[in-house]
Amino acid sequence: MLVAFAGALGAPWVYRGLGNRAGWVLALLPLGLTLYFSSLLPAVLAGQTLRHGVAWVPSLGVGLSFYLDGLSLLFALLITGIGTFIVIYSGGYLKGHPDLGRFYLVILLFMASMLGLVLADNIVTLFVMWELTSLTSYLLIGFNHTEFRSRRAATQALFVTAGGGLALLAGLILLAGMGGSWEISELLTKGEVLRAHPWYLGALVLVLVGAFTKSAQFPFHFWLPNAMEAPTPVSAYLHSATMVKAGVYLLARLQPALGGTEVWSSTLMAFGLATLLTGATLTFRQTDLKRLLAYSTVAALGALVFAIGAVPLTSYYGAVGFAAFLLAHSLYKGGLFMAAGAVDHEVGTRDVSQLSGLFRAMPITGVAVGLSALSLAGLPPVLGFIGKEALYAAFLEAAPAWMTGLAVLGFAVGVTLALILTVPFFRGQPPEGVHEGSPSLWLGPVVLAGLGLLVGLFPGLYNPLADAVASAVKGAPVAYHLKLWHGLNLPLLLSLVTVLLGVGLYFLYPRLLAWMAREPIPGPESAYVGLMRGLMRFSGKLERLLQSGSLRAYLVWTFMGLVALVGLALLRGDGLLWPQLQGLHPGQAVLLALMLLSALAALRLRSHLATVVVVGIVGAGVAIVFLLQNAPDLAITQFLVETLTAVLIALVLLQIRRIGAVPRGRLLDKLVALSFGGILTLLMLAMLAQPMSPHLAQFFAEKSLPEGFGRNIVNVILVDFRGLDTFGEITVVGLAGLGVYALLKGLRKEGKP
């Protein structure tokens with residue numbers, strides 16, 4: 001992982017040196033990581049779990065620890081393997097873009113962050129990587145930052161996923177407290193403890209919010225189609241094979257710990273099915289290739305979440321269906337996104353209604369689209385068919401009949417979409433001047449589609465890893481052999497019904513498109529827009545209230561806030577200040593009364609000189625308090641400061657010839673002044689009521705003479721023990737004096753008194 005981060009940081013220099021050839025060189029980084037993780041396959045398939053970690057914050061139990069089993073290995077291979085082709089593809093798709101070097105940097109940083117997420121064993125490490133994927137995806141979605149739509153889509157994606165990330169952090173902290181460990185591998189062994197804990201429901205809700213926002217589950221699905229404003233390499237990587245599956249990965253990882261309860265299964269199955277149907281339905285509102293694929297991705301993510309929820313209710317079909325469909329979807333959706341980008345790059349449009357005869361002009365891309373569309377539709381002999389059959393078996397075993405019927409309807413839209421994507425390649429004549437793109441544009445789609453076909457024809461190649469993935473999700477050993485043909489059974493019948501429904505929906509597609517375009521469909525995005533507008537209005541009003549430009553208003557807010565906070569603390573102080581008030585000497589009481597009257601007089605007097613005098617009485621009273629408390633040094637200092645201040649203010653007032661009476665203060669000003677002064681007085685009394693530790697006093701008394709060479713402890717503290725602090729105070733006073741001198745000198749030059 002550290003290699004991935006280091007390689008990402010060097011990407012701009014590689015691009016600067018190699019130019020348009022940099023993509024092929026930079027692809028060596030994810031390719032090397034793919035080969036490295038492939039070398040770990042024998043150990044993982046043998047049942048081993050690999051761990052590695054170093055201390056990060058040992059006092060808090062936080063470490064950079066990583067964990068590799070079948071589930072994390074599959075995700076690591078998908079991230080690095082597909083990432084290899086994405087980097088190559090980016091060089092061809094964005095060729096000549098002035099910010100291509102920056103793009104390489106961010107997309108490789110995203111790859112490293114996503115890799116760290118799926119390998120993380122420590123909760124804090126996982127959360128840090130989780131948020132890094134949100135930040136880097138924000139930069140990638142908003143890559144075309146000069147366009148408003150890109151900035152809006154990036155902000156929306158960040159707002160939704162980062163908000164869910166905060167909920168996830170709270171849930172993970174609760175899990176660590178419930179299980180007594182920050183390591184996920186240890187929490188997975190404490191499922192019974194976690195499920196029996198009173199915090200279980202709260203932690204579960206918070207974790208689900210984080211996972212649902214990241215994986216675009218209903219009602220948070222709207223950010224994913226809007227993120228199609230990103231360049232196609234971003235859509236192919238983040239929004240089909242990696243980032244949107246982060247939430248799916250987290251749910252699958254925590255299933256052994258949090259699964260096995262009715263609330264877990266029912267919640268995931270309900271939201272998964274709702275997401276599947278939402279994505280399938282909204283597909284009929286689109287003609288843009290990328291948005292069609294985006295809503296198809298939403299539907300597929302819903303199917304994966306449903307499978308995770310069904311895992312505790314099935315013998316093995318839920319876990320195996322998850323493993324098979326996860327790989328199939330990543331392969332065909334990554335390939336289709338890249339093919340859509342290649343079409344847009346060569347033809348200049350992604351609108352399916354304007355595309356025709358592309359197979360003649362782009363035969364290699366056409367083959368890749370055809371194979372990937374077969375997998376999207378769930379037709380043999382590709383891996384998508386095997387994954388869909390396993391999911392249907394899970395539906396039949398875990399879900400009621402009506403839920404299975406709705407799932408069939410949702411998967412039927414996949415058949416419809418496959419026809420929508422492939423028909424433009426074979427119908428009509430190609431536009432003039434259209435030709436096959438460079439190898440960097442068709443290499444990824446061809447390889448990914450070919451892998452889907454290869455694993456579909458020979459599923460035994462994937463069986464060992466699929467079993468390891470299913471075992472990690474199930475939390476128990478799973479041994480199931482994926483096959484292309486399981487005989488005549490109910491899942492096969494459901495597949496046939498799916499195909500017939502999909503073909504029928506394809507012929508209804510123009511009518512459905514026209515009807516749904518006329519009828520606006522309110523949904524969660526409308527609520528999001530309303531929330532953001534309300535937030536902006538509230539922020540504007542709050543800004544006008546707090547940032548009024550009035551110093552008086554700022555002081556009022558500051559002082560009254562302190563009064564409220566300190567007053568609340570004193571009210572909860574169990575009456576600690578009352579003994580101080582009861583133990584006052586009569587002379588002290590008279591002194592306090594005199595100071596209070598002087599303060600009140602300062603609020604009423606209209607003469608400037610009289611106000612200075614009564615304020616000076618308050619300062620003199622403070623000096624007398626110091627004297628009564630056996631602090632003659634402080635008393636002398638206070639007397640000198642008060643006397644000098646009064647003299648200086650009086651001299652200034654005498655120099656100001658045109659000065660009127662002190663304006664009558666507003667009632668609010670008086671209340672603020674009295675409240676603030678009163679609450680500070682009570683605070684000081686409450687502090688004096690607390691038992692004072694003699695430790696510091698003893699320390700200064702013992703060290704002042706031998707180390708500070710002074711018998712006056714206060715002076716030694718100021719000069720030696722707090723010498724740097726005192727030097728800073730002197731510096732501030734000196735700078736203030738220089739500022740006053742410069743101001744007065746400037747006034748004299750202008751001829752002002």
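This report describes the fold, the aromatic pairs, the salt bridges and a surface patch of one predicted protein model.

The model is predicted: local features need pLDDT of at least 70, side-chain atom pairs count only at pLDDT 80 or more, and totals for chains, interfaces and linings use all residues. Residues are numbered from 1 along each chain as its sequence is written, and side-chain values use heavy atoms, with hydrogens and water left out.

## Overall form

The protein has 35 helices and two strands. Helices (H or I, at least four residues) and strands (E, at least two) are DSSP runs, numbered from the N terminus. The C-alpha trace spans about 105 × 65 × 50 Å along its principal axes. The radius of gyration is 36 Å, whereas a compact globule of 753 residues would have one near 27 Å. That radius is taken over C-alpha atoms, and the globule rule is 2.2 Å times the number of residues to the power 0.38.

Of the 753 residues, 47% count as buried. Buried means under 20% relative accessible area, exposed means over 50%, and partly exposed lies in between (1.4 Å probe, protein chains only). The protein exposes about 35800 Å², of which carbon and sulfur atoms supply 70%. Accessible areas come from the Shrake-Rupley method with a 1.4 Å probe; for residues, only the protein chains shown count as cover.

Among the contacts with a separation of 6 or more, 78% are between residues 24 or more positions apart. Contact here means heavy atoms within 4.5 Å. A local example is T84, which is found in helix 6 (residues 70–93). T84 counts as buried, at 8% relative accessibility. Apart from neighbours within four places in sequence, T84 is in contact with A27, P30, L31 and T34.

## Aromatic pairs

A pair of aromatic rings is described by the distance of the centres and the angle of the planes. Rings of Phe, Tyr and Trp (its six-membered ring) pair if their centres lie within 6.5 Å; planes under 30 degrees apart count as stacked, over 60 as edge-to-face and the rest as tilted. A search of the whole structure finds 22 aromatic pairs.

In one of these pairs, the ring centres of F222 and Y528 are 5.4 Å apart and the planes stand at 40°, so the pair is tilted. F222 lies in the loop between helix 12 (200–214) and helix 13 (223–226), and Y528 lies in helix 26 (residues 524–546), so the pair ties together parts that are 306 residues apart in sequence. Both F222 and Y528 are buried.

F359 and F426 form a stacked pair, 5.0 Å centre to centre with 25° between the planes. This pair also links distant parts of the chain: F359 is in helix 19 (residues 358–361) and F426 is in helix 22 (residues 401–426), 67 residues apart. F359 is partly exposed, with a relative accessible area of 29%, while F426 counts as exposed at 55%.

F222 and Y528 also belong to an aromatic cluster with F159.

## Salt bridges

A salt bridge is a side-chain nitrogen of Lys or Arg within 4 Å of a carboxyl oxygen of Asp or Glu. By this rule the count comes to seven. Three of them are listed here.

| Salt bridge | N to O distance |
|---|---|
| R149 and E229 | 2.7 Å |
| R350 and D344 | 3.2 Å |
| K703 and E707 | 3.8 Å |

E229 lies in the loop between helix 13 and helix 14 (232–238) and R149 in helix 9 (residues 148–179), 80 residues apart, and their pair links distant parts of the chain. E229 is partly exposed at 21% relative accessibility, and R149 is partly exposed at 47%.

D344 counts as buried, at 17% relative accessibility. D288, D344 and R350 are linked in a network of salt bridges.

K703 and E707 both lie in helix 33 (residues 695–708), four residues apart, about one turn of the helix. K703 is partly exposed at 28% relative accessible area, and E707 is partly exposed at 47%.

## Nonpolar surface patch

L396, W402, L406, L409, L490, L493, L496, V497, L500 and L501 form a nonpolar patch on the surface, with about 890 Å² of accessible area together. Patches are made of residues with over 30% relative accessible area and no salt bridge: like charges are joined within 9 Å, nonpolar side chains (Val, Leu, Ile, Met, Phe, Trp, Tyr) within 5 Å. Helix 22 and helix 25 (490–518) each supply at least two residues of the patch. Helix 25 gives the most, with six residues; L496 lies in this helix.
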